[in-house]
Amino acid sequence: MITLKRTTAANKDFVHLVSELDAELAIRDGEDHDFYHQFNGLEDIKYAVLVYSDEEAVGCGAIKKFDAASMEVKRMYVKKEQRGKGLAVDILNDLESWAKELNYTFCILETGINQPEAIQLYKKTGYKSIENYGQYAGVATSYCFQKTL
């Protein structure tokens with residue numbers, strides 16, 4: 001049975017899944033990993049979603065305030081053996097609903113050229129490419145997206 005749970009970045013299952021995500025990104029991003037990793041701390045994340053298959057945490061995602069109108073989607077991850085089942089879409093939908101409940105108008109996010117599955121996910125779920133924002137401005141290996149909620 002698949003269930004979603006809203007929590008915080010302090011949740012031990014979330015922390016564990018993020019460590020798996022970071023290990024995968026270190027391989028995918030190679031020498032660019034340190035640059036990206038500096039922007040992925042958990043200290044500013046108050047809103048996290050976990051997906052469980054039966055009672056095992058198999059995926060996660062989070063949102064954090066970017067500005068008065070926007071929440072930034074962060075730390076999206078699904079374990080390899082659970083991919084292709086629509087779990088990332090479930091997580092993303094719940095994060096977007098939560099952002100809307102908190103009266104935000106947009107979700108924004110950054111992903112990299114080495115995450116083609118993520119790029120496909122965001123395009124498939126209605127995210128539109130935008131100019132790279134904030135710390136990602138001018139970074140050729142970053143893709144930024146936005147979706148109106």
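Gly86 counts as partly exposed, at 33% relative accessibility. In this predicted model, Gly86 sits in the loop that runs between strand 4 (70-78) and helix 3 (87-101). Its C-alpha atom is separated by 19 Å from that of Leu109, a residue 23 positions away along the chain.

**Salt bridges**

How many salt bridges does the structure hold? There are seven. One of them joins Lys79 and Glu20, with the closest N and O atoms 2.9 Å apart. Because Lys79 lies in the loop between strand 4 and helix 3 while Glu20 belongs to helix 1 (residues 12-29), this pair ties together parts that are 59 residues apart in sequence. Lys79 is buried, with a relative accessible area of 11%, and Glu20 counts as partly exposed at 22%.

Helix 1 and strand 4 have a link of their own. Arg75 and Asp22 form a salt bridge with 2.2 Å between the closest N and O atoms; Arg75 is in strand 4 and Asp22 in helix 1, 53 residues apart. Both of these residues are buried.

Helix 3 takes part as well. The side chains of Glu96 and Lys147 meet in a salt bridge of 3.1 Å, N to O. This pair connects helix 3, which holds Glu96, with strand 7 (residues 142-148), which holds Lys147, across 51 residues. Glu96 and Lys147 are both buried.

| Salt bridge | N to O distance |
|---|---|
| Lys79 and Glu20 | 2.9 Å |
| Arg75 and Asp22 | 2.2 Å |
| Glu96 and Lys147 | 3.1 Å |

**A negative patch**

Which residues form the negative surface patch? They are Asp54, Glu55, Glu56 and Glu81. Of these, Glu55 lies in the loop between strand 2 (47-53) and strand 3 (56-65). Glu55 is exposed, and its relative accessible area is 78%.

Now have a look at helix 4 (residues 116-124), where the buried residues are Ala118, Ile119, Leu121 and Tyr122. They sit on the same side of helix 4, because they cover an arc of only 160 degrees around the axis. What does the face turned away from the buried side of helix 4 carry? On that face are the exposed residues Gln120, Lys123 and Lys124.

How values were computed: Residues numbered from 1 in each chain as written. Predicted model: local features only at pLDDT ≥ 70, side-chain atom pairs only at ≥ 80, totals over all residues. Heavy atoms only, no water. Patch = residues over 30% accessible without salt bridge, like charges linked within 9 Å, V, L, I, M, F, W, Y side chains within 5 Å. Areas by Shrake-Rupley, 256 points an atom, 1.4 Å probe, with all protein chains shown as cover. Salt bridge = Lys/Arg side-chain N within 4 Å of Asp/Glu carboxyl O. Lys, Arg positive; Asp, Glu negative; His and termini not counted. Charge placed at Lys NZ, Arg CZ, Asp CG, Glu CD. Helix = DSSP H or I, 4+ residues; strand = E, 2+ residues; numbered from the N terminus. Buried < 20%, exposed > 50% of the residue type's maximum accessible area, 1.4 Å probe, protein only. Arc of directions from axis to C-beta.
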